[in-house]
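Let's take a walk through a protein model together. Have the sequence and the 3D view ready, and we'll stop at a few spots along the way.

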Amino acid sequence: MGCNVTLRVMNSIESLKLDFNLQQRELGNIHNEKIFDDCIYVGSGDSYVAGLIVEYMTDHKCRCYSPSDLFNSRFNEGKTYCFISVTGKTTANIKVAQRATESGANTVAVTFDKNSKLAQVCKETVLLQITRAQTPTAGFSSFVANVITCLQIAGLVVPQKFDIWHKKGIQLSLQSLDSITLPREESVDLLGNNLLYAIALYASFQLAEFFGTTAHAHKLEEFCHSPIFGFRKPNQLWIFGQNEVQISEKLSKLGLRLSYNELYNQDVFAQVFETIFFIQNLILLLAEKNRYSELQYVKMKDVLRASSDIIY
C-alpha cells in the first residue's frame, strides 16, 4: 500500500528565514590562517560590504574598493589584492583580478567555487567554509561567512560567540520593530558612522531586494553636509547610532520620520556581528509583518535580466 507525499516548496523568504535561523551552527567551524598584514579587498554588493567591514576593523590598514574603482588603476606588485565573490562569476571582478595577476601582484579569490573563473585568474583561492544556502540571493549565512573569512585572513581572531551575538541581534530587532515602518512609495535614508555605515549599506541592499524599496546609505555626519537638503518629509530616516542620540533629537525637531537604533558596543566584534544579525532578522520581521512571501527583486523579470547581463 503506497502513500503519496507532497513536499511543499519553500518560498524565497522562507528559505532565507531558515538560513538565518540555522547559520550560527556552522559559523564557528570557519577557520582560516592569516595570509597578509595589509590588503586591498575588492568586491561588489554584499561582498563590498564584507571588505569594508574589514577595512574599519583593521583601522584602514586593509582597504576596500569596488572593481570599478580599479578599472584604470596600476597595481602594486608588493600588495595583495583579495577579490570577494560568492559565485566567482562577476565580470568586473574577474577582469580586474586578471589584470592584477598579470601585473605581478599577489591575488586571492574568496569564493564558494574553486573552479570559477575568478579562482582561475587569481594566484590563490580561499574557499568559504560553510554550506551554501539554497536561496535566491547569496544568502544571509554566505554574507556572514564572507565577513568572518576576510577578517581571519587579515589576521584578526574572531571570538566564537555566534550563538550569543545571534540571540542579541534577534532581541535588538524585536525591540526596534514597533518604531520602524516599511517604506512603501517613499524612500529611506540609512545613516551610520564607521562600521555602522557599512551595516547601513548592507541594510539598503536588503531593503531593495526584499521589498523593492528605494534606500540610500550615508555616513551620518556626511548626510548633514548636503543630502539633508534634498530629504523630503514623506521619506524615512533610519539612524544606526553609537551614542549619537543628540543628533537624532536635533533631526527629530525638523519633523522628519525618524527611527533611532542605539547599536553602540565597546566590543567591536560584538557590535559588527550583533548588528548584522539585527538587520537580517529585522528584514525578515518586516516581511512577515507586511505579508511578503517572495523577494520582490525576483519578480522584476526585466530589471533582473538587465542586472544579470551587466554583472555577469
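Is Lys 34 buried, partly exposed or exposed? Keep in mind that we're looking at a predicted model. Lys 34 turns out to be partly exposed, because its relative accessible area is 49%. Its side chain meets that of Asp 37 in a salt bridge, with N and O 2.5 Å apart. Asp 37 is partly exposed too, at 44% relative accessible area.

| Salt bridge | N to O distance |
|---|---|
| Lys 34 and Asp 37 | 2.5 Å |
| Arg 257 and Glu 186 | 3.2 Å |
| Arg 305 and Asp 302 | 3.0 Å |

Now look at Arg 257 and Glu 186. Arg 257 sits in strand β9, while Glu 186 is in the loop between α7 (162-176) and β6, so this pair ties together parts that are 71 residues apart in sequence. Arg 257 is partly exposed at 36% relative accessibility, but Glu 186 is buried at 16%.

Arg 305 and Asp 302 tell another story: both lie in helix α13, 3 residues apart, which is about one turn of the helix. Asp 302 counts as exposed at 58%, and Arg 305 as partly exposed at 49%. Stay on helix α13 (residues 301-311) and you'll also find Ile 310. Ile 310 is exposed, with 70% relative accessible area. Together with Ile 311 and Tyr 312, it forms a nonpolar patch on the surface, with about 340 Å² of accessible area in total.

Next stop, the sheet. Four strands make an open, parallel sheet in the order β7-β6-β8-β9. β7 (215-218) and β9 (257-262) stand at the edges with a single partner strand each, so one side of each has no neighbour in the sheet. From one strand to the next, the twist averages 15°. Zoom in on β6 (residues 188-192) and β8 (residues 236-241): they run parallel and are joined by 5 bridges. In one of these, Val 188 has Gln 236 in β8 as its partner.

Finally, how many disulfides are there? The count is 0. Cys 39 is in none, as its nearest cysteine sulfur, in Cys 82, is 4.8 Å away. Cys 64 has its closest cysteine sulfur in Cys 150, at 8.6 Å, so that one is too far for a bond. Both residues are tucked away from the surface: Cys 39 is buried at 0% relative accessibility, and Cys 64 is buried at 6%.

Technical notes: Residues are numbered from 1 along each chain as its sequence is written. This is a predicted model: local features need pLDDT of at least 70, side-chain atom pairs count only at pLDDT 80 or more; totals for chains, interfaces and linings use all residues. Side-chain values use heavy atoms; hydrogens and water are left out. Patches are made of residues with over 30% relative accessible area and no salt bridge: like charges are joined within 9 Å, nonpolar side chains (Val, Leu, Ile, Met, Phe, Trp, Tyr) within 5 Å. Accessible areas come from the Shrake-Rupley method with a 1.4 Å probe; for residues, only the protein chains shown count as cover. A salt bridge is a side-chain nitrogen of Lys or Arg within 4 Å of a carboxyl oxygen of Asp or Glu. Helices (H or I, at least four residues) and strands (E, at least two) are DSSP runs, numbered from the N terminus. Buried means under 20% relative accessible area, exposed over 50%, partly exposed in between (1.4 Å probe, protein chains only). A disulfide is a pair of cysteine sulfur atoms within 2.5 Å. Two strands pair if DSSP finds at least two bridges between them. Axes are lines fitted to C-alpha atoms, for helices over the stretch in contact, and angles run from 0 to 180 degrees between N-to-C directions.
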